[in-house]
Amino acid sequence: MRKMKYIFNTVAGENVFDFIPHSTLDFFYESRFRSFKLIAEPGHTIPNEVMKNVGMAISVLSKKNMIEVMPNRLKLSVYDYYNYALSVHLLLVLINKEKFLQQEKIMNLMHDFASKRDDQLIVAHNEIYRLFFALSVAYFDFDKLLFWFCYTFDKYAYAEQGLHIIIHVKVREPESLTVSINGNPRPVYRVGWASEANGIEWISIKPSELNIKNSFAEIPLDVYIQSHAVQRLSERLDGIDAQMLQFNVFDSLKGLKVFYDNHNNALIEYRFHNIKVGYLVFEIIEGIIVIKTFLFLTNNGTPEGQQIEKQTGLKKLDKQYLALDKLSTFMTADILTNMEVQKTLTDMGCQSLIELYKNTAVMYEQNKNTSVIMRMLKYLHDEKPDDMAEEDMDQEI
C-alpha cells in the first residue's frame, strides 16, 4: 500500500490518497493485481529447472527494466507497473463509483493518468515481450526444445485472490530427420523459431533464391541444419553464446542474402548483430536444404578468405596457426586504435569485423562474468548487464 500511495500521490501531484475511504481501500486490497505467476501451458511439459530459472529471470529483469508512466514521466520498473500502476487504474474504477467528499477532486487530478492507460499498457506490453524474446533466445536450441512465452490477465483460483498476470511457458520439440551426407547418415534439425505472435515459424527457401534454375526452382524447400554446422559456429565464433549463434542462423535465413565464391558456388550470408561474420554452406539433399557447415569470414572458401590468400599468401594451416580463423583473435585485439590493422582488414574485405568490434567488443568482454540471460537482454535490448540475483516467483508446473 505504501507503493500504491506513492504512485497515486505522485501522479496526482498532492496527497489525496488519504482521502480515499477505508472501505474502498479494503475492497481494493483484496481485488488488486498480484505478482506474476508462471505456469506451464496445459499439454506442454517444461523441465523443472527451466521453470525455476525462467521464473528467477523474469522476476529480476522485470524489476531492472524501467518504463515511463505518462503524463508526468514517472519512472517505474516493469514489475511495479504491472503490480502497482495497473492496480491504481483498478482503484480509480472503484473510486469513480463511490460518493465521498474528495471524490471529484481525486478523479480530476487523476484524469490524465487514467486517459493514458491504454497507451501505457502498450509500452509495458512491448517491454515484457522484449524480455520474453530474450528468454526465448536464452533457451533456444535446434536439437532440444524451442520455448516461447505469453501472458494473460486472469482471476487465479478464487475471485477473492485478486487478479494475476499469468505468464504461460510453451515448448515445442524440434523436427529432425536423418539424411545421407558424404555417404554417412547424419541427423539434421529443422530451422525455425517459436513466438506468441507467429507460433512455430519454420524457414523455407525457394531454390531460385539460391540461383538454382530448374523446373522445381519455385517450390519452397524446408531448411535443416546438421550438428556439425552448429559445432563450427561455436568453434569459429568463440566467446559468443551458442543460443545467440543459433538464433542468428534463423535470423540470417529469414533475411536471406546470397554470395558466390570464385567457383560460383552459392553461400548464405550469416549475420550476428546484423553484421556479416561468415557464411552458411548448404546442399540440397533428398528434397530439403541442409546447412552443412559454417565458414568464418576469413576461412578458405569464402570470398574474403580467397582475398586474404591472394594478398598475403596465407593458406588454411597458416590461418589456423595464427588463429585468424576465430573471432576471438579479432575481438580481443585493439582494432579501433590500430589504423594499420583497420586498413588491412578493409583491403581484405573484412571491414565488417571492425563494425562488429565497435558494436559488441564490450559485450564480448563482459560475457566472462555475466549470466546468459543478462547477455541475451544486452544483445536484444542494449541494456547494461549486471550479475543477476536470485529472486522468488510464483510458479506452477
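Which residues does Gly301 touch, not counting residues up to four places away in sequence? In this predicted model, where local features need pLDDT of at least 70, side-chain atom pairs count only at pLDDT 80 or more and totals for chains, interfaces and linings use all residues, Gly301 touches Asp261, Leu267, Leu295 and Gln306, contact meaning heavy atoms within 4.5 Å. Residues are numbered from 1 along each chain as its sequence is written, and side-chain values use heavy atoms, with hydrogens and water left out.

## The chain as a whole

The protein chain has 15 helices and 16 strands; helices (H or I, at least four residues) and strands (E, at least two) are DSSP runs, numbered from the N terminus. Of its 397 residues, 50% count as buried, where buried means under 20% relative accessible area, exposed over 50%, and partly exposed in between (1.4 Å probe, protein chains only). The chain exposes about 19,600 Å², of which carbon and sulfur atoms supply 49%; accessible areas come from the Shrake-Rupley method with a 1.4 Å probe, and for residues only the protein chains shown count as cover. Among contacts between residues at least 6 apart in sequence, 62% join residues at least 24 apart.

## Helix α1 and its surroundings

Helix α1 (residues 2-12) packs with helix α4 (residues 78-96) at an angle of about 70°, their axes lying 10 Å apart. Because of that angle, α1 is roughly perpendicular to α4, a class that covers 65 to 115 degrees, whereas angles under 35 degrees count as roughly parallel, over 145 as roughly antiparallel and the rest as oblique. The axes are lines fitted to C-alpha atoms, for helices over the stretch in contact, and the angles run from 0 to 180 degrees between N-to-C directions.

On the α1 side, Lys3, Met4, Ile7 and Phe8 meet residues of α4 that include Asp80, Tyr84, Val88, Leu91 and Ile95. By class, this contact of α1 with α4 has 9 nonpolar, 1 polar and 2 charged residues, with Ala, Val, Leu, Ile, Met, Phe, Trp, Tyr, Cys and Pro counted as nonpolar, Asp, Glu, Lys and Arg as charged, and the others, Gly among them, as polar.

Within α1, the residues Met4, Ile7, Phe8, Asn9, Val11 and Ala12 are buried, and what covers the buried residues of this helix includes α2 (22-31), β3 (74-77), α4, α5 (103-109) and α6 (111-115). Gly13, with a positive phi near 90°, follows α1.

## Two nonpolar cores

A nonpolar core is a set of buried Ala, Val, Leu, Ile, Met, Phe, Trp, Tyr and Cys residues joined through side-chain atoms within 4.5 Å. The largest has 56 residues, and Phe8, Ile58, Tyr82, Leu91, Ile95 and Met110 touch the most other members; α4 gives the most to this core, with 12 residues. Apart from this core lies another, of 54 residues, among them Trp202, Ile240, Phe247 and Ile289.

## Individual sites

The table sets out the relative accessibility of several residues.

| Residue | Relative accessibility | Class |
|---|---|---|
| Asp141 | 17% | buried |
| Glu201 | 19% | buried |
| Val258 | 22% | partly exposed |
| Gly301 | 30% | partly exposed |
| Asn211 | 39% | partly exposed |
| Asn274 | 62% | exposed |

Asp141 lies in the loop between α7 (117-138) and β4 (146-155) and, leaving aside its neighbours within four places in sequence, is in contact with Leu146 and Gln246. Glu201 is placed in strand β9 (residues 199-202), and, not counting residues up to four places away in sequence, touches Val191, Gly192, Trp193, Phe250 and Lys254.

Val258 belongs to strand β12 (residues 258-260); the C-alpha atoms of Val258 and Ile268 are 4.7 Å apart in space, with the two residues 10 apart in sequence. Under the exclusion of residues up to four places away in sequence, Val258 touches Glu209, Leu210, Ala266 and Leu267.

Gly301 is found in the loop between β15 (288-296) and α10 (303-312), and its C-alpha is 9.8 Å from that of Lys316, a residue 15 places away in sequence.

Asn211 has a phi near 65°, a positive value in a residue other than glycine, and lies in the loop between β10 (204-205) and β11 (221-226). Asn274, in the loop between β13 (266-272) and β14 (275-285), has a positive phi of about 65° although it is not a glycine.
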